[in-house]
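Dear colleague,

I am passing on the structure we talked about, with the sequence alongside. Please open both before reading on, as the notes below follow the chain by residue number.

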Amino acid sequence: MAEHEGKRTDIWAKMESFAKILAGFSAAASAILIPIFLSSYTEQNRRAEMFVKTMTEREKSDTDIRQSMFQSLLTGYLGAIKEDFIKADEESFRRRIVFLELLTINFQEFFNAKPLFEDVYTGLERKRTASHGDVERKKWDDLEQQIIRVSTNLVSRQAKMLNNIGTGAVFNIDKGESICVRLYDRDDFAKLRKRDGRTPFQNFLPGRCIDEQNQSGKGGSKEGRDGKDAQGTGANNDLATPEPRGNNRRQSLEILPVAVDKAYATVQVSIYDDVFDGEVLQGSLLKGSLQFDVSYFDLPYMDNTKMSDGSRFSLILRGIDGDSVEIEAIRFKNDFMSLRDRPLFEEMLQKLEKGGG
């Protein structure tokens, strides 16, 4: 019994000694590590504040430079317009085209110059119509081609950028004929199938989107069976047609040119949500319909339409030949934001500060 009590005393003594050693070690470690942690935390905060301050000053300097450049260019452009009212000669129109090119190249993400392009083009059309003789008419024709070239060069650069973060399709279509454009990802065309479970999709096909589905499967929505125009209905609310099952949705456009002119085409566009169950199409829901002009002066950074999944599409006029138009449809996700969608830098900083607090 005494021997047992002796062992217990030794164990308690050892534990007491270990606790004292541990407490001493912890106190020593705390005395060394806590100042290091505090110093590191303070240094991180100092660096974060310096980064925010540097970014704020850089943003302000950049904004000041852009503001000064924008005012100079716009003042020069307005001066050219004022001179145009007095002279209305070839040189005045050339200066306006140069100012427009400078404005759009330097501020293409912030400034929609489409109305200015159209205004210059309309002025050139008036001069060409009133011209006498082939030589004078050719002079205004050349200027019209010049302003179209300036715009299409800019549009091509923007389209290439948006195609890097999205998908696109180029197609020809005649006035009065519909075409169905599938705004799917490139990989979708290899795996997705129509309602019959076998037929793959193509980027675009002549005809209506709903009719195409009816040909490849049974059933369909009210628009397809009745052949009624979907314009203005907003959505397929046919009570006899059940809501398509499935959680996966892609978007399609049904495009119908209703008028074609020299520099623009008026199109009726119906936007569909295509509903998939797995990889097989279940049906389509009409999400909206709108009519607008597609011209050489549409800038896809600015002239685009938001769809139900948050992505956007833009239609680009590539060419006109009689009543036939060549159009490029681009769909891009929210990786790109124009100025109208972009939060202000000050708002981002305020959110960061609140998050850090």
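**How the helices pack**

Helix 3 passes helix 4 in a left-handed crossing. Please bear in mind throughout that this is a predicted model. The axes of helix 3 and helix 4 come within 9 Å of each other and cross at roughly 165°; an angle over 145 degrees counts as roughly antiparallel, and the two helices are therefore roughly antiparallel to each other. On the helix 3 side the residues that meet helix 4 are Phe117, Val120, Tyr121, Leu124, Glu125, Lys127 and Arg128, while helix 4 brings Arg137, Trp140, Asp141, Leu143, Glu144, Ile147, Ile148, Val150 and Ser151. Sorted by class, the residues in this contact of helix 3 with helix 4 comprise 9 nonpolar, 1 polar and 6 charged.

Helix 2 (residues 90–106) also packs on helix 3 (residues 114–130), with the axes 11 Å apart and an angle of about 160° between them, and this pair is therefore roughly antiparallel as well. The crossing of helix 2 with helix 3 is left-handed. Helix 2 makes the contact through Phe93, Arg96, Ile97, Leu100 and Thr104, and helix 3 through Leu116, Phe117, Asp119, Val120, Gly123, Leu124 and Lys127. By class, there are 7 nonpolar, 2 polar and 3 charged residues in the contact of helix 2 with helix 3.

How do helix 2 and helix 4 run relative to each other, parallel or antiparallel? Their axes come within 11 Å and cross at roughly 0°, which makes helix 2 roughly parallel to helix 4. From helix 2 the contact takes in Glu90, Phe93, Arg94, Ile97, Leu100, Glu101, Thr104 and Ile105, and from helix 4 it takes in Lys139, Trp140, Leu143, Gln146, Ile147, Val150, Leu154 and Arg157. The class count for the contact of helix 2 with helix 4 is 9 nonpolar, 2 polar and 5 charged residues.

**The nonpolar cores**

The largest nonpolar core has 42 residues, of which Ile147, Ile255 and Leu315 touch the most other members. Helix 4 (residues 134–164) gives the most to this core, with 5 residues. There is also a second, separate core of 9 residues, and among its members are Leu154, Ala159, Tyr301 and Phe332. Ile147 belongs to the largest core and also takes part in the contacts of helix 4 with helix 3 and with helix 2, whereas Leu154, which is part of the contact of helix 2 with helix 4, is listed in the second core. As for Ile255, once its neighbours within four places in sequence are set aside, its contacts are Phe171, Ile173, Glu177, Ser178, Ile179, Val181, Val267, Gln268, Val269 and Leu315.

The protein chain holds 8 helices and 9 strands, and 35% of its 357 residues count as buried. Among contacts in the chain with a separation of 6 or more, 61% are between residues 24 or more positions apart.

Asn247 lies in the loop between helix 7 (222–226) and strand 4 (248–260). Is Asn247 buried or exposed? Its relative accessible area is 77%, so Asn247 is exposed. The C-alpha atom of Asn247 is separated by 6.7 Å from that of Asp277, although the two residues are 30 apart along the chain.

With best wishes

Conventions
Residues numbered from 1 in each chain as written. Predicted model: local features only at pLDDT ≥ 70, side-chain atom pairs only at ≥ 80, totals over all residues. Heavy atoms only, no water. Axes fitted to C-alpha atoms, helices over the stretch in contact; angles between N-to-C directions. Helix = DSSP H or I, 4+ residues; strand = E, 2+ residues; numbered from the N terminus. Parallel < 35°, antiparallel > 145°, perpendicular 65-115°, else oblique. Left-handed = near helix turned anticlockwise from the far one by under 90°. Contact = heavy atoms within 4.5 Å. Nonpolar A, V, L, I, M, F, W, Y, C, P; charged D, E, K, R; others polar. Core = buried A, V, L, I, M, F, W, Y, C linked by side-chain atoms within 4.5 Å. Buried < 20%, exposed > 50% of the residue type's maximum accessible area, 1.4 Å probe, protein only.
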